[in-house]
Amino acid sequence: MTSNENLLLEVKNLKKYFPVRRGVLRRVVAQVRAVDGVSFFIREGETLGLVGESGCGKTTAGRTVLRLLDPTAGEILFYQNGKPIDIAKMPNRKMKPLRRQMQIIFQDPYSSLNPRMTIGDIIAEPLLVHRVGTAREREIRVRDLLEAVGLNPQYIKRYPHEFSGGQRQRIGIARALALEPKLIICDEPVSALDVSIQAQVVNLLEDLQKEFGLTYLFIAHDLSVVRHISNRVAVMYLGQIVEMAETEELFRNPKHPYTEALLSAVPVPDPDYERERIILKGDVPSPVNPPSGCRFHPRCPYAQQICKEKDPQLSDLGNEHYAGCHFATTLKLRGLSEIATR
């Protein structure tokens, strides 16, 4: 898909199926195709936004990349010194050293922190698991991390219930930074926060990226946030990536009808503009029994007969703009600026 220069992560044809079991013997009668043939890459120091409707498989993809879930098929190549290491089938005992390089920020800042532990113990836990430093060195590291995320180091003995949602998410970010990782999966890190706090946390993530040279896979459904923080954006629908491009290129010149529909839902902070919404017909199909051909064709306003019969592949349209649509080069889709009209 791209050259190996500066690559940190490359995912090829990743699949994650969950079995559906029924009956007394709990036999497998079907598979939930949560992630079904996803491919993307992330370069060192950049942010790839992964967007789509709830239930499209974004979070499952992120957790499978980290091997919190074992993949059903595909390759997960993590690059060290320019050399790829396929961690998709790596035994868990060999994953431990690599886990220092890959961390996650969870969506819910309330359930992701142990209420029985002080925040000092929560942030120090990764250091303890990996046997990094002495007790005194770990305490110094925790205090430095609290300061880095904008919290008072004197809070080290407090418990999670003493903090607001935004402060808890900062604690989660500090924990993710503890082992100095290269890659952080941001699993909708601001969706549970107030809008004013969202901006603070997003700006914090950007500042930390510059300071520590971090690489993000930023999972979200809010395109406004994704546009602000991401260098490139991948759009996911029903377990598959349907479009991927540089951020402004995607917002200005979408090549997939689903991306066009998502852009029509982005609010415009100007009362003089009227948004022309594209309302998709029908419901999202079940990942247990996805449609034949293009998975978006039952809801697509531009669908033709070939869309029902043949599954389009993600093709390169130039300048690293990829789209999985039979008519990507012929459809005249509207970008964000064209959908908003006075």
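Predicted model: local features only at pLDDT ≥ 70, side-chain atom pairs only at ≥ 80, totals over all residues.
Which residues of α5 are buried?

The buried residues of α5 are Gly165, Gly166, Arg168, Gln169, Arg170, Ile171, Gly172, Ile173, Ala174, Arg175, Ala176 and Leu177. In other words, 12 of the 13 residues in α5 are buried, and the helix is mostly covered. What lies over these buried residues? The cover includes the strands β6 (102–105) and β7 (183–187), together with the helices α3 (119–129), α4 (135–148) and α6 (195–212). The length of α5, which runs over residues 165–177, can also be checked. At 1.5 Å a residue, its 13 residues should span 18 Å, and the C-alpha atoms at its ends are 19 Å apart, which agrees.

Let me turn to the sheets. Strands of a sheet pair through backbone hydrogen bonds, and the pairing may be parallel or antiparallel.

Strand β1, residues 7–22, pairs with β2 in the antiparallel sense over 13 bridges. One of the residues to look for is Pro19, whose bridge partner in β2 is Gln31.

The model has another open sheet, of 8 strands, with mixed pairing and the order β6-β7-β8-β3-β9-β10-β13-β12. Which strands stand at its edges? They are β6 and β12 (315–316); each has a single partner strand, so one side of each is left without a neighbour in the sheet. The partner of β12 is β13, residues 322–323, and the two pair in the antiparallel sense over 2 bridges. Within that pairing, Asp316 has Tyr322 in β13 as its bridge partner. Helix α6, already mentioned as part of the cover of α5, packs on this sheet, where α6 touches β3 (47–51), β6 and β8 (215–219). The direction of α6 makes about 160° with that of β8.

The structure holds 4 aromatic pairs. In one of them, the ring centres of Tyr155 and Phe163 are 5.6 Å apart and the planes stand at 65°; because an angle over 60 degrees counts as edge-to-face, this pair is edge-to-face. Tyr155 is partly exposed, with a relative accessible area of 22%, whereas Phe163, at 6%, counts as buried.

Tyr258 and Phe296 form another edge-to-face pair, with centres 5.4 Å apart and planes at 65°. This pair links distant parts of the chain: Tyr258 belongs to helix α9 (residues 257–264), while Phe296 lies in the loop between β11 (274–275) and α10 (305–309), 38 residues apart. Both Tyr258 and Phe296 are buried. Together with Tyr237, they form one aromatic cluster.

Lys16 lies over the face of Phe18, at 5.1 Å from the ring centre, and Arg232 lies over the face of Phe41, at 4.2 Å from the ring centre.

Note on methods: Residues numbered from 1 in each chain as written. Heavy atoms only, no water. Pairing = 2+ DSSP bridges. Helix = DSSP H or I, 4+ residues; strand = E, 2+ residues; numbered from the N terminus. Expected span 1.5 Å × (residues − 1). Buried < 20%, exposed > 50% of the residue type's maximum accessible area, 1.4 Å probe, protein only. Contact = heavy atoms within 4.5 Å. Phe/Tyr/Trp six-rings, centres within 6.5 Å; stacked < 30°, edge-to-face > 60°. Lys NZ or Arg CZ within 6 Å of the ring centre and 35° of its normal. Axes fitted to C-alpha atoms, helices over the stretch in contact; angles between N-to-C directions.
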